[in-house]
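Here are my notes on the two-chain model you sent over. I've kept them to overall layout and helix packing.

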Amino acid sequence: MGKPVNRPSLDDPSIRSYLPEVLRGIKTTSKHFFRNLFTGKGYATKQYPEERFPYAPRYRGAHRLMKREDGRVRCVACYMCVTACPADCIRIVAAESDDPTIEKYPAVFEIDHLKCIFCGFCEEACPCDAIRLDTGEHRAPGYTREELITRKEQLLAKGGQSLAPQGGIYR
Amino acid sequence: MSEALQIILIACLKVVVICFVFALVLGALLSWVERKMSAVIQDRIGPNRAAILGIRAYGLFHPIADGIKALVKEDFVPEKANKVLFALAPVIAFTAPLVVFAVIPFGPGAPFVIAELDSGMLFVLAIAGLGIYGATLGGWSSGNSFALLGSLRASAQMISYEVSMGLNLVGVFMVFGTLSLSALVLKQGEVLFGFLPKWGIFVQPVGFILFLTAAMAENKRAPFDLPEGESEIVGYNLEYSSMRFALFFLSEFIEVVVISAVTATVFLGGWQIPFVYPQGNGPAVVTTLQVLAFLAKVVFVMWLLMTVRWTLPRFRYDQVMGLGWKVLLPLSLANIVVTAIVLAFI
């Protein structure tokens, strides 16, 4: 059983003459007009640069790279994020670390924002909680292609310390 | 000689004042009102970013910004256009509605009307008919098929609705027995049945509705915006840019003012305030109030036209023609016949 819809006959002279329906339409539009004009309550507009809609906590914004306790990058250049990335926007060049407890670190870590689709797969793939998209920022637009490639230093500048144990939990 | 000069000077002064008030102020203001009012009706805020020295004034500077933009844009003339007609069309479209203000009485007595024509209403209809040439020539001379379609639609629509618009006014003239707009307003100061002001809307209620509908169609605005038809053919002004386009744009708004002024004069009693000095020989305060009353009526009709424009979706083209020829025309004729019979037996 569907919901019965009231379909008035189109032969009804009050409908064929348009006028009552036009008056009803005018009533609706003037209701909005005068309500908004005098009370100012019905507006749905946000004055964008000044007023903003709050982003959800899980909003995927600009990337950042997390740091270890001593301030070095958490990333171990395992290429998991590069493999997971559907847009192929991450470029890592791995290098050997001086620290004997760390095998590799990323000498270059770049994200091409012209390619990135902010899917968050890199974040999910990362075993070290090194890359995150939780800054809640829009990536700012740029004038050149080079400007839109974010380097490791920029990513690290936004990074904080992760509470997760380095290297994940072994089972 | 000096007397003739005086008359000419006074007439010129009136022309300047009225053109300034109605064309520049009301016309430009209406483009702001249109954007702002549509926004408020649709629960938006509308334009409010144009600012002079940080003062935004609810977007009132947008018409100025639009005007400056129109003046500095490239004035493009298509290669296949007829250059003379292409340049002439916006001028016709812009001036024709302005000329109508010559016969509209803004207040009681001779000082408030530029030209007291005995056949004032015929003049209005003739000049309104001239306005078609703006749209028709504009579309035809641009050398663009879609613009030509727009101008064909414009001429077909305006010819169709001109007929019922004129016929609806006939009913009013039969009741009041005059074609002069000033005399028409004076006669509307009489009282009907002892309590009702004898305004056109009360003696010709059907005529009022039909006239307003036909006038809206004359005006080429939604729900009758087929000549423009933005979503299908872009319209007769397709090839126009810069200030020429702005002239077409402004002429549309001035036509709104013209139609409101004519409606207020013929159907809403012009400058008459009910029961107050109907002969217009009151003291200066009353005269001022009467001019303001006329302006208030014009603004009310403009509000009504704007609200209708932002309420109704547009008609299909065959519906426009059907409404014009099959509904409005027979009803206007019937209205005249009924009026004649009633007048014959009173």
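1. A definition to start with: two residues are in contact if their C-beta atoms, placed from the backbone, lie within 7 Å. Helices (H or I, at least four residues) and strands (E, at least two) are DSSP runs, numbered from the N terminus. Bear in mind that this is a predicted model, where local features need pLDDT of at least 70 and side-chain atom pairs count only at pLDDT 80 or more, while totals for chains, interfaces and linings use all residues. Residues are numbered from 1 along each chain as its sequence is written, with chains lettered from A and ligands numbered from 1 in the order in which they are written.

2. Chain A has 5 helices and 5 strands, running α-α-β-α-β-β-α-β-β-α along the sequence. The C-alpha atoms of chain A fill a box of roughly 90 × 45 × 30 Å along the principal axes.

3. Chain A is divided into domain 1 (12–44) and domain 2 (64–157), with bounds from an automatic or database domain assignment. Taken over C-alpha atoms, the centres of these two domains are 55 Å apart.

4. Chain B has 11 helices and 2 strands, in the order α-α-α-α-α-α-β-β-α-α-α-α-α. For chain B the radius of gyration is 21 Å, close to the 20 Å that the globule rule gives for 346 residues, so chain B is as compact as a globular protein of that length. The box for its C-alpha atoms, along the principal axes, is roughly 60 × 55 × 50 Å.

5. Now the helix pairs in chain B. Axes are lines fitted to C-alpha atoms, for helices over the stretch in contact, and angles run from 0 to 180 degrees between N-to-C directions. Under 35 degrees counts as roughly parallel, over 145 as roughly antiparallel, 65 to 115 as roughly perpendicular and the rest as oblique.

6. How do helix 3 and helix 4 (residues 120–141) of chain B cross? Their axes come within 8 Å, at roughly 160°, and the two helices are therefore roughly antiparallel. The crossing is left-handed (the near helix is turned anticlockwise from the far one by less than a right angle; clockwise would be right-handed). Helix 3 of chain B brings residues including Leu85(B), Phe86(B) and Ile92(B), which meet a set in helix 4 of chain B that includes Val124(B), Gly131(B), Gly134(B) and Gly138(B). By class this contact has 18 nonpolar, 4 polar and no charged residues. Here Ala, Val, Leu, Ile, Met, Phe, Trp, Tyr, Cys and Pro count as nonpolar, Asp, Glu, Lys and Arg as charged, and the others, Gly among them, as polar.

7. Helix 3 (residues 83–100) of chain B also packs on helix 9 (residues 242–266) of chain B, at about 20° with the axes 8 Å apart. That makes the pair roughly parallel. Among the residues that meet are Phe94(B) of helix 3 and Arg244(B), Phe248(B) and Glu255(B) of helix 9.

8. Helix 9 of chain B has another partner: its axis and that of helix 2 (residues 62–72) of chain B come within 6 Å and cross at roughly 135°. These two helices are therefore oblique to each other. Gly67(B), Ala70(B) and Leu71(B) of helix 2 make the contact with Ser242(B), Met243(B), Phe245(B) and Ala246(B) of helix 9.

Key:
The radius of gyration is taken over C-alpha atoms; the globule rule is 2.2 Å times the number of residues to the power 0.38.
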